[in-house]
Amino acid sequence: MASIQNGFCGRTRREFLWQAGGGFASLGLTDLLSRDGFFARRDGLGVAGGEPAGPLAPKAPHHPAKAKACIFLFMYGGPSQVDTFDYKPKLYGLDGKTIDIATKGRGGSKNQGRVVGPKWRFRPYGECGHHVSDLFPHVARCVDDIAFVHSMYAESPLHGSAMLMMNSGKILSGAPCLGSWVNYGLGTENQNLPGFVVMLDQSGGPISGAKNWNSGYMPAVYQGTVLRPSGEPILDLALPEGMTPREQRRLLDTLRQQNEAHLAARPGDTDLAARIQSYELAYRMQANAPEAIDLADEPEHIRRLYGLDNPRTEDFARKCILARRLVERGVRFIQVYSGGNHNDHNWDAHGDLVHNHEKHAGDTDQPVAALLTDLKQRGLLDSTIVVWGGEFGRQPTAEYAEGTGRDHDSAGFTMWLAGGGIKGGIKVGATDELGYKAVEKPFHVKHLHATILQQMGLDPNRLSFFHAGLAQRLVGTEGAEPIRELIA
Amino acid sequence: MLPTLPIPSIVRAAAAAAALLAAAAAQHGAAPAGGADWWAYRPLQRPEVPAVRAAGWVRNPVDAFVLAGLERRGLTPAREADRHALLRRVTYDLTGLPPTADEIAAFVADVSPDAYEMVVDRLLASPQHGVKWAQHWLDCVRYAETDGYERDRKKPFIWRYRDWVVDAFNADLPYGEFLHKQLAGDELPDPKVADLVATGVHRLGIWDDEPTDREQHRYDDLDGVADTAARTMLALSLGCARCHDHKKDPLSQAEYHSFLGFFENLRPQEQNARAVPVDGARERFERDLADYTAARDDATKALRVAATAAWDAMDDGGRIAAAKRALADVVASYPGERGSASRLIDEVAGQDGRNSGQVVQVPGVFGQALRFDGDDHVTVPRVVSGSFSITFFVRSEWRGGGSGNDTRWFTGTGLVDGEVPGIVRDFGVAWHSDGRVVAGTGDPETFVASGPGHHDGQWHHVAFTRDQQTGRIALYVDGVLSGDATGNKKPLEATSELTIARMHPGGRGFVGDLDEIAFHDRALAAAEVAALAHQLPGGVVAAPVIAELPAFAQLRALRRPDIETVEVLAVQEHGGDGPEAYVRLRGNVHSKGPKVSLAFPALAGGGAPAEVVPTQHSSGRRTALAQWITRPDHVLTWRVAANRVFQHHFGRGIVRSSSDFGRLGDQPTHPELLDWLATELLARGQSLKALHRLLVTSATYRMASTHDDKAAAVDPQNDGLWRFDRRRLTAEEIRDSILATTGELNLERGGPSVYPPMPKEVLATASRPDEAWGDSPPAQAARRSLYVHVKRSLAEPLLAGFDRADTDASCPVRFATVQPTQALTMLNGDFAQLQAQRFAARLLQQAQGLDAQVRLGLELVTQRPARADDAQRLLALASDLRRDHGRDDAQALQRVCLVLLNANEFVYLD
């Protein structure tokens, strides 16, 4: 039986029902009161039978899902669209010329700017003939599996708020991140691994740190878990020095007996039972997570495919292989950061564009292409949605009087998606002829989020969490439709 | 013995409550009747205490209300909890800590009929009580010590607000006063430092110092402030009406913006901490200032006698020569009486100034002076750059902007200023906080500042001198040196013009009068400045006459007194006139809708325009709001307060949604009890401690947390309170209890927050791992969790894992999740490992032999006598570890301790 405390985390009954009901909106139970009765009978957690009936237990989607998992390759700092995937031939000829163009970025609003021509040559690839710059020779060969959205825009051209927007849909801090929403809506398939995993850059986290994988007003159980690609993968996962697994098992047996004796005198308390269970889960996680990150059984051709044998690409290759392994093991949402810390440790090319983008593209191009190839050859790409992009793009004009650095551009930038029921070899939307602003079919970040949720079986306009008197949604109270053009 | 709280008899309380409600109704006119169709908006009335059948169970009226409900449903209350469980429960609930062995022994042995009540009084008098209850309040008001976002800057001195809340609960500040001081402590007639600190509540929100839309972000911040106040104090989901009328409650968008209007005159968050006089310092300062002025006037008198005698001894030729000498180094002089509406005349070399705005003339020290009212200024050529002196007279009653803890000249308001942003060779003289005069030169930034208190409506002479050879700068006010410093030795040519009565780059202007502004092309000596300041005959020519006099030595030895200050992060308003309030369509600050008058929400008995009385510095709006919220007949305030106290004793409020009493919230399970408690709070002098005592001494609170199949079938959620609900300890209680068990806990209170060791894996998630966290010495790291630094972008993993509140939004009810990562932290984490070691060390020290050590360990984590089967189990573990795992006694005991710290009985409260 469930007390309100047992049922859901001490939330008020109504909030708890709304929360539990989030994944069940598809049942069409629109009337709140009828839900009250319905969910009270279902023990509040939406899972009939079986263990564990925790908040992360698998939940039925709103509609059949195209994608079971999502890998979000986050190019923190903001890659330049006109130097990567958004081909603007006219820009080359304007290099160095000062033109009238209204821009807004870190340096404020300007009405004129000196054009920095694209620093790399673009070539057409694949059957679709999409133009990709020489920064991405490997990814270029995958264009027939990729859908480019050239007309993305966001609400802020400043890292702090833009990062929050790309991750949580809001420029104000405090909302749950995309990965939290996915796990809240669907639960996790593998209870022995976290359902929302984040891998950070070697140089450090992005600005605002944990806010970028935080569960905001949702319980902490939905927040992202930072996974380290080697050593102890999850905080406090490794046994303390000197303790053997067998010894720990012996300790846990005593603990369980102690707790069971305590529970026996307190019949019917599901919280106490759940806590006993949580130690067994933790014990299994200790065995499973290291296995998940152990690349020893990856064959040579896979290591070479990803570039694990090259010092330059080794780090991102390891993370991409890990992402695939986590998908194979039922992890729902995996975010991999390219770039961390500040300045040129990430894609934030304010100074020397060539130096910055050569570094970050060179570190990641082969592993990213390998990830797509590998997922595809394993038949996993159909059920895994891969997203590539940063919190915004970069302007076609220079930021300073001298040099090639570009300021931030949230008015128009490119993101790409592949797999998980996304059409390959297409592009959607366009920026103006200089690549600054989305002019054809502009899509807000929330449309990207809506698309990901939609592909994962969740209706973006129905997935809600009751907080502060409102049914909060990732896509905001006004809602947002998925980008239909992308969906196969 | 500890003092007992004044508890009036029930009869007296009932009469007092009725009288208060009647008096309030008479004072404010008709009793507020908002949305009378919803329970929470109906007038607060004192309900009758119901009659019950099993009257013998009733200890106080709380029980009568609860029992009446149970009897209606055919249920009976659970038996009374045993003494160990009860002591453990009440000690945690009132102090957040487990009882000590001595406390347990004393209570179990005390057979007197009021033994429990004595414990309650002891706990309520403990300073740890405030530490526990402050956290509940801080959750509601979003207490955090950083801003969030990219830089996640520290909120300087915000911990004083946390300490204020602790102190307020410990001192049992009447609840109305508790609210009023937070809402508007700065608008009190003669605010104490603590009253200003209390307004720190409005500075707790997230704040992006680099917002994409500054004005919108300011409104987002104000929304957070207003919405937090409405939810926390009134359980009103006000924020839901920001973009449209409330979907369920009768709360319109206009009412939202009207409510926001009470806060709209607040200066934005980006303002830093400021120094304010400590209590009593102003009085001390005024006494010291009178002594100083008298001594200065005495010395000046002697100088004047000597200078006058010397002047009188000269013939006309000598006087003309002296005047020429006096003027020889003056390169520009603006006496004030010459000029037009647009020009200010330079008498020396025609380097005239341009007036902007309405500069008017008023009688000055000599002839006419220039009067500035904040939006006018004069631009003059920068006629000096090497060695120079700038001299003038100033008179103002304006306190000045900026903060006394940051007296860089360019954070003030320009008097004669040439500031250029950045590290450049510039200089200026400015008017600063609390009537200070400040000056400085750039590259490197070098400053001199006077003491405060020159905003007295009297003329004061100012001289700022700079010697290029030595780089020395000096500031004199009234002929007395305020300070000197050594700056650069280069020409100061960053700008070609200077601005009078405003900072050179812009901003608000100076309010006051200036006269006899003059520029000299050398650094005047101290005696020359004194001669000018005191208008001695002959001006600077009198300097040699006075320089050797004892009176001049006395004058030089004088120092203007300063005010002792303390730095606080509090609020300030823009001035007495607040801006008009408008509806902002869809919550967008740039979409102005209709104007709204300041009024309180009609559903809670408001509706009519609020009566607002502005003061000189503040609009008075928040005072009006505070007065309305703390009305004794307010339909929400007292219910909300009583419900929160109930919530944290019983694990849930009478209304479970303790910050939403509207239609989207929960209905009260015991509406009459809630009203009775609310009126009781009023009748007992708004004493929260009296309410605590009432609740925890009730038979209802003393029930065991036992299960009952029959009751569970009838009332599975325990809505009727047929037993006490077991609860998990909060994150802070878990950490504090571990430290208490191992004997490490440091109960010191107050002061800046501490930094317990942070796992390097967590630090690595920050964008600047090396700067993300601090390092406190071990004893400080073992302080109670309330004192652990709250950083928005970096959460302490143990506290975050056990559901510490997310501080970006108000959190009235915490989650209490159970997840495997908690188990990992408690089994493998550095903190758990270290504490298990210390726990074992304590047992080894305090008990002889493994058997006794295990028993003591059990008693320390459960606060009850050890049971044989529990001890056997742990001894068997120790024995196996020695036999099968090669552990010695100490290692085995350490692992037993780890098991104990992980036991359910340790982290759950019956």
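Biologist: How many bridges join strand β10 of chain B to strand β11 of chain B?

Modeller: Before I count, this is a predicted model, where local features need pLDDT of at least 70, side-chain atom pairs count only at pLDDT 80 or more, and totals for chains, interfaces and linings use all residues. Residues are numbered from 1 along each chain as its sequence is written, while chains are lettered from A and ligands numbered from 1 in the order in which they are written. Strands here are DSSP runs of E, at least two residues long, and helices are runs of H or I, at least four residues long, all numbered from the N terminus. β10 (residues 427-432) and β11 (residues 436-441) of chain B run antiparallel, and the number of bridges joining them is six.

Biologist: Which residue of β11(B) is the bridge partner of B:W431?

Modeller: Strands of a sheet pair through backbone hydrogen bonds, either parallel or antiparallel. Two strands count as paired if DSSP finds at least two bridges between them. In β11(B), the partner of B:W431 is B:V437.

Biologist: What is the strand order of the open sheet in chain B?

Modeller: This sheet has eight strands with antiparallel pairing. Its edges are β3 (343-344) and β12 (446-449) of chain B, each pairing on one side only. The order is β3-β4-β7-β16-β9-β10-β11-β12.

Biologist: How many residues of strand β9 of chain B are buried?

Modeller: Look at its neighbours first: β9(B) runs antiparallel to β10(B) with four bridges, and two bridges join β9(B) to the antiparallel β16 (residues 497-500) of chain B. B:D417 stands opposite B:G428 in β10(B), and B:V416 has B:I500 in β16(B) as its bridge partner. A residue is buried if 20 or more other C-beta atoms (placed from the backbone) lie within 10 Å of its own, exposed if 12 or fewer, and partly exposed in between. For β9 (residues 413-417) of chain B, the buried count is five of five.

Biologist: Which helix gives the largest share of the side of chain B that touches chain A?

Modeller: Contact means C-beta atoms, placed from the backbone, within 7 Å. By that rule the contact takes 72 residues from chain A and 81 residues from chain B. Several elements of chain B each supply at least two residues, among them α27 (820-828) and α31 (889-902). The largest share, eight residues, comes from α30(B).

Biologist: Which elements of chain B do the buried residues of α29(B) pack against?

Modeller: Helix α29 (residues 850-862) of chain B has 13 residues and reaches 18 Å from its first C-alpha to its last, close to the 18 Å expected. Its buried residues include B:V854, B:L858 and B:V861, and B:V861 is one of the residues that B:L901 touches. The packing partners are α23 (731-742), α28 (830-846), α30, α31 and α32 of chain B.

Biologist: How far apart do the C-alpha centres of domain 3 and domain 5 of chain B lie?

Modeller: The domain bounds come from an automatic or database domain assignment. In chain B, domain 3 covers 281-568 and domain 5 covers 830-909. The C-alpha trace of chain B spans about 115 × 75 × 50 Å along its principal axes. The distance between those two centres is 74 Å.

Technical notes: Contact = placed C-beta atoms within 7 Å. Expected span 1.5 Å × (residues − 1). Lists of a residue's contacts leave out its neighbours within four places in sequence.
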